[in-house]
Amino acid sequence: MISRRTFLAASSALALCGLEKAHGISERAATQGAQREISDGVTRFVKIKIGTGGHGHTYPGATVPFGMVQLSPDTDNRGWDRCSGYHYADNSIMGFSHTHLSGTGVGDMLDILLMPCTGVVKITPGTPENPTEGYRSRFSHDEEIAIPGYYSAVLKDYQIRAELSATTRAGIHKYTFPYSDTGHFILDLAHSYEDGPDAVRWAKLNILGKDTIVGGRSTARWANGREIYFAIKFSRPFDRIDVLVNDEISNNIGKEVEGKSLKCVLHYATKDREVILVKVGISGVNIEGALNNLQSEIPGWDFAEVSSEALSLWEHELAKIRVEGGTTRQKEIFYTALYHSLLAPTIFDDVDGNYRGMDGEIHHLPSGAHNYSTFSLWDTYRAVHPLFTLIQPERVPDLANCLIRMSNESPVGMPVWPLQAKETECMSGYHSVVVIAEAVQKGFQGIDLMGAYAAMKRQATASDYQGLPLYRKYGYIPCDLIAESIGKSMDYAYDDWAMAHVARATGAEDEAAALQHRAQSYRNLYDKEIGFIRPRLADGHWAEPFAPNEMGHAKKWRDFTESNAWQATFAVQHDPKGLADLMGGRDQLLQKLDGIFNASSELPPDAPDDIAGLVGQYAHGNEPSHHIAYLYVYAGAPYKAQERLSSLMETMYRNEPDGLAGNEDCGQMSAWYVMSAMGFYAVDPVSTNYIFGTPLFDKVTITLGENRQLILEAKRASPTSKYIDALSLNGKPETKLWFKHSDITKGGHVTFMMTDHPNKLLGAQAKDAPPSMTT
C-alpha cells in the first residue's frame with residue numbers, strides 16, 4: 001500500500017495540470033494543500049484497511065466522525081461479506097456510492113453510485129469474474145490509499161485516478177482523466193445491496209442545466225422503505241447526457257423522470273490529466289434539503305480544503321486519547337479501533353434542522369440538536385456508548401434525546417436497530433433503554449427524563465413487541481412459542497434493570513422496585529442440575545434434547561440469539577453475584593468461567609457465522625461474549641482476567657485487512673479493544689462501574705472535557721508485564737479492581753504496578769468484588 005507521504009507527493013504532481021487549468025489553483029497552493037494532509041498526529045496510526053477483509057465488513061472510503069455521508073468504493077454488492085459494499089479480496093470496483101454500513105451482518109445502503117469511465121458505454125456493472133463485460137474496473141491495492149477523510153484508487157481499465165473526501169452531509173469526488181473522446185460517468189440509481197427488480201421501490205431524477213442532477217429513491221432492503229435524496233453538481237458542464245429508464249434511453253430530459261431502474265450517462269471529452277470534480281449532497285428529507293446541505297457544506301470546489309478539514313476533524317477526535325509505549329502494531333490497532341468506534345451512529349438531519357422521523361413525517365429539531373441513524377444497539381451499548389461518555393460527553397445527551405424522540409415516533413416504541421428513519425427490528429431486546437439509563441445514571445444533563453420513562457413504561461408494561469406479553473406472563477419466554485426465546489428473555493431482563501434506574505430517577509420508586517424484581521427473571525431459565533441457562537417450555541419443563549454448544553432444542557428455530565448456552569449463561573451483566581449464588585458460590589462461578597474457555601470449540605452445522613473468534617466456547621467475534629473475561633474479577637480471580645484479556649488483545653486483533661475476529665458491528669468490536677487496551681471495561685454500563693483489566697500501554701491520557709483528564713500509568717517490571725501487583729486511584733492505594741464513573745468525572749489518575757507474576761490476593765476478597773444487583 002502506498003504511504004501517505006509518497007502518495008501526496010505523487011498525487012499532487014499528477015493532478016496539478018488539470019487543477020491549475022480548470023480551477024485556477026496555483027502549483028504552490030496545491031503543493032501546500034497536499035503538505036497540510038501530512039499529519040504527525042495520531043491519525044498516522046489509523047490503518048483503515050483493518051476489517052475490510054475476513055468477516056469484518058468495514059469500508060475503506062471517506063467520511064468524517066458520525067458523518068451522514070460515507071463515500072466509498074463498492075467492489076461488489078452481493079453476499080454476506082460484502083455487507084459494506086467492499087471486500088479486500090476483490091480486485092474490481094463497480095463505482096463509488098455515498099452511504100455505507102460499518103461492520104454490520106446485514107447489508108443495505110450503497111446509494112447513488114457514480115463511476116467514471118472511458119471507451120464504449122456499458123450500462124451494467126459486469127461481474128467480479130469478468131469485470132470488462134460491464135462498467136466495472138480492475139484496481140490494485142498497491143495504488144489504493146485510505147486515510148481518515150480521504151480515499152483514492154486508480155481505475156486500471158480506464159486509467160482514471162479517483163479521489164474521494166467528505167463533509168458531514170456531502171461528498172466530493174476528484175477524477176483525473178486521460179486524453180479521451182469517450183470519457184463519461186455512469187450514475188446508477190438501481191445499484192443497491194443484493195440488487196434486483198424489487199430492490200428499489202421508486203426512483204426519480206431531474207437534470208438542471210448542464211451541470212446538476214437531483215433526485216431520490218426509496219429501497220426495499222433491510223430498512224424497508226427508507227428514502228434518500230441527492231443533489232449532484234459537476235465542475236464542468238457535461239457535453240451531453242443520456243437518461244435511461246429500465247436501460248432504455250428516455251426523451252424526457254429537462255423533466256422529472258421516474259422508475260425503478262434509473263441511470264444516466266454523462267459524456268465528456270477530456271484532455272490528458274484533466275480533472276473533473278463532482279460534489280454530492282444527500283438528505284433524508286427531500287431534494288431541497290440535499291441542495292441546501294451541499295451548498296452549506298461544500299460551496300466551492302477546493303478538494304484539498306475538504307480533505308484537509310476532514311483529516312483535522314479526525315485528528316481532533318482521535319487525539320482525545322493519547323497513548324505512550326506499546327508497539328507500532330498496537331498503536332495501529334488501537335487508533336484504527338478508535339476510528340471505527342466513531343463512525344456511528346450517523347447524523348441523519350439537514351443543516352436547517354429538518355429530519356425524517358421514524359413515523360415517516362418531517363420534523364424540525366430544537367436548536368443545537370441532531371437526529372441520528374445507524375444505532376446498532378444490541379452491540380454498541382456494551383462498549384461504544386460507555387466510551388462516548390468519556391470522550392464524547394457533549395454528544396451523549398443528544399444521542400439519548402434522539403432515542404427518546406424515536407420512541408415516540410416509531411410504531412415499535414423504544415428503538416431497537418433504527419436505520420434511516422426505519423426500524424429494522426434486528427436483534428433481541430430494546431437496548432436504547434440501556435444507553436439512556438447509562439447517561440442518566442452518569443449524571444448527564446439536558447436529557448428528557450420524564451419523556452424517557454414514559455416511553456420505557458409503555459414498552460415494559462403494554463407493548464406486544466417480540467414476545468413481551470409472554471415474558472410478562474411466564475417470567476421468561478417459552479421456547480416452544482417463539483424463536484430466540486433465550487436471547488429475548490435475557491435481554492429483556494437486562495432492559496428491566498436499566499428501566500428500573502430511570503424509573504427511580506423520576507421518583508417512581510414502586511415501579512422501579514417492580515422492574516428490578518423482574519430483572520431477576522433470568523433465574524427462571526437457570527437449571528441448577530446442569531449449571532446452564534437453557535430453553536424452557538410453556539409448561540415449565542426443560543426443553544430436550546439439550547447440549548450447551550447447540551443452537552436450540554429443535555430445528556424449527558434457534559432458541560439463542562447468535563449464541564448458545566455457554567455464552568447465554570453469562571449474559572447476566574447486572575447480577576454476576578446473583579449468578580454465582582445460583583451456581584453455588586464464587587468458586588463455582590470461577591469453575592464455570594474456566595469451563596467456557598477450556599471447552600471444545602466444536603459447533604453444530606446450524607451455528608451462525610457470527611459465532612466466531614472462538615477460545616473454547618468463548619466467542620470474541622460476537623458481542624455476547626465481550627464481558628465474560630471480566631467476570632473473573634467478580635469471581636475473586638482478577639489475575640485470570642488479566643491473563644485472558646492480554647491474550648485476547650493479542651490474538652483477536654491484527655493490523656491487517658483480516659484483522660477482526662468477527663463483524664465490526666458499528667464500532668463495538670473495536671470499542672472493546674479501545675476500552676480493554678486502556679485497562680478497564682464496563683461490564684454493566686447502567687451501574688456506571690468500570691472493571692480493571694490489564695493495561696496494554698505504558699501511559700494513556702484521556703481528555704474527558706474542558707481541563708479534565710484521566711491518566712492511566714502502567715509501571716512495569718518488564719516490557720511484557722501483564723499482571724497488576726498494586727494499584728492506586730487518585731493517589732489512594734486500592735484493593736478493589738473496579739471504580740465508579742463519578743470517581744473520574746473531574747479527572748483522575750490511575751497507577752498500575754505491573755509484574756510478570758500474578759498477585760492472586762489483589763481484589764480476591766468478596767468485599768472487594770464489584771457491585772451486582774444482588775448486593
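Strands here are DSSP runs (E, at least two residues) and helices are DSSP runs (H or I, at least four), numbered from the N terminus; two strands pair if DSSP finds at least two bridges between them.

Residues are numbered from 1 along each chain as its sequence is written, and side-chain values use heavy atoms, with hydrogens and water left out. Because the model is predicted, local features need pLDDT of at least 70 and side-chain atom pairs count only at pLDDT 80 or more, while totals for chains, interfaces and linings use all residues.

## Strand 34 and its partners

Strand 34 (residues 723-729) is joined to strand 35 by 3 bridges, and the two run antiparallel. Within this pairing, Leu727 has Glu734 of strand 35 as its bridge partner. The hairpin formed by strand 34 and strand 35 has 2 residues between the strands, and Asn730 takes a positive phi near 55 degrees there.

Strand 34 also pairs with strand 37 (residues 748-755), in the antiparallel sense over 6 bridges. Tyr723 stands opposite Thr755 of strand 37. Buried means under 20% relative accessible area, exposed means over 50%, and partly exposed lies in between (1.4 Å probe, protein chains only).

## Helix 10 and helix 13

The axes of helix 10 (residues 449-461) and helix 13 (residues 509-518) come within 13 Å and cross at roughly 50 degrees. That makes helix 10 oblique to helix 13. Angles under 35 degrees count as roughly parallel, over 145 as roughly antiparallel, 65 to 115 as roughly perpendicular, and the rest as oblique. Axes are lines fitted to C-alpha atoms, for helices over the stretch in contact, with angles from 0 to 180 degrees between N-to-C directions.

Tyr453, Lys457 and Ala460 of helix 10 meet Glu511, Leu515 and Arg518 of helix 13, where contact means heavy atoms within 4.5 Å. By class, this contact of helix 10 with helix 13 has 3 nonpolar, no polar and 3 charged residues. Ala, Val, Leu, Ile, Met, Phe, Trp, Tyr, Cys and Pro count as nonpolar, Asp, Glu, Lys and Arg as charged, and the others, Gly among them, as polar.

## Helix 18 and helix 19

Helix 18 (residues 638-651) and helix 19 (residues 668-678) pack at about 130 degrees, with their axes 11 Å apart. Helix 18 is therefore oblique to helix 19. Leu645, Leu648 and Met649 of helix 18 make the contact with Trp672, Tyr673, Ser676 and Ala677 of helix 19. These residues divide into 6 nonpolar, 1 polar and no charged.

## Asp352 in its loop

Asp352 is found in the loop between strand 20 (346-347) and strand 21 (354-356). The residue is partly exposed, with a relative accessible area of 35%. Leaving aside neighbours within four places in sequence, Asp352 is in contact with Asn292 and His364. Asp352 and Ser296 are 56 residues apart in sequence and 9.8 Å apart in space, C-alpha to C-alpha.
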